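Morning, everyone. Please have a look at the next slide before I start talking.

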Amino acid sequence: MNVRRVESISAQLEEASSTGDSVEDELEMATVRHRPEALELLEAQSKFTKKELQILYRGFKNECPSGVVNEETFKEIYSQFFPQGDSTTYAHFLFNAFDTDHNGAVSFEDFIKGLSILLRGTVQEKLNWAFNLYDINKDGYITKEEMLDIMKAIYDMMGKCTYPVLKEDAPRQHVETFFQKMDKNKDGVVTIDEFIESCQKDENIMRSMQLFENVI
């Protein structure tokens, strides 16, 4: 997904919520192998209404009839939104960010919890989610290598034709600049506090790292 995809999801939710059409309670009547949590629990854990959850589940089930999606399927779905480049590596990192319990599958609950933050979360919540994306090995720190891996994956996904004036070493140059600004105590790693503080203080970092445009 990219920002246009998220805006499309938002528009669909608004349109469906504004109409009087009734939506069957597919969460409770689903016969898929993986049964989502009760509607009330998902409502409490997200910022979506019951009707919105029903709409989202209908779309999720269409893409993933089993109720869960593995990494390969996730990559196939994601590649449809970036046909001009190779989104495989970025989709891998994104899958791991959605797969919060690291069991190799993204369930509807995983999807909803992540989407709720990305669509309706506070800036703090979005930055926390973005930090988790950049922290590839999930050790609580972002290294320069991890940041470079993500940046390269974004460039690959967007396609070289999108950046005709940039050289091959552009991702590394950008990372060098970002990392120097973020690593306040110069210990070679960026903590979540350093990450959030730097992003909130520097609009250029947020724009250049494409936290909100490319995180989903």
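First, the ground rules. This is a predicted model, where local features need pLDDT of at least 70 and side-chain atom pairs count only at pLDDT 80 or more, while totals for chains, interfaces and linings use all residues. Residues are numbered from 1 along each chain as its sequence is written, and side-chain values use heavy atoms, with hydrogens and water left out.

Start with the core. In general, nonpolar side chains in soluble globular proteins tend to be buried together. A nonpolar core here is a set of buried Ala, Val, Leu, Ile, Met, Phe, Trp, Tyr and Cys residues joined through side-chain atoms within 4.5 Å. Buried means under 20% relative accessible area, exposed over 50%, partly exposed in between, with a 1.4 Å probe and protein chains only. The largest core has 52 residues, and Tyr-90 and Phe-195 touch the most other members. Helix α9, residues 144–158, gives the largest share of this core: nine residues. Helices are DSSP runs of H or I, at least four residues, numbered from the N terminus. Where does this core lie, relative to domain 1 and domain 2? Domain 1 (37–120) and domain 2 (123–214) both give residues to this core, so it lies between them. Those bounds come from an automatic or database domain assignment.

Now the rings. Rings of Phe, Tyr and Trp (its six-membered ring) pair if their centres lie within 6.5 Å; planes under 30 degrees apart are stacked, over 60 edge-to-face, the rest tilted. The whole structure has twelve aromatic pairs. Take Phe-74 and Tyr-78: they are stacked, 6.1 Å centre to centre, with 10° between the planes. Both sit in helix α5 (residues 71–79), four residues apart, about one turn of the helix.

Last, Ser-46. It sits in the loop between α3 (39–45) and α4 (50–63). Ser-46 is buried, at 10%. Beyond neighbours within four places in sequence, Ser-46 is in contact (heavy atoms within 4.5 Å) with Leu-53, Ile-112 and Ser-116.

Technical notes. Helix = DSSP H or I, 4+ residues; strand = E, 2+ residues; numbered from the N terminus.
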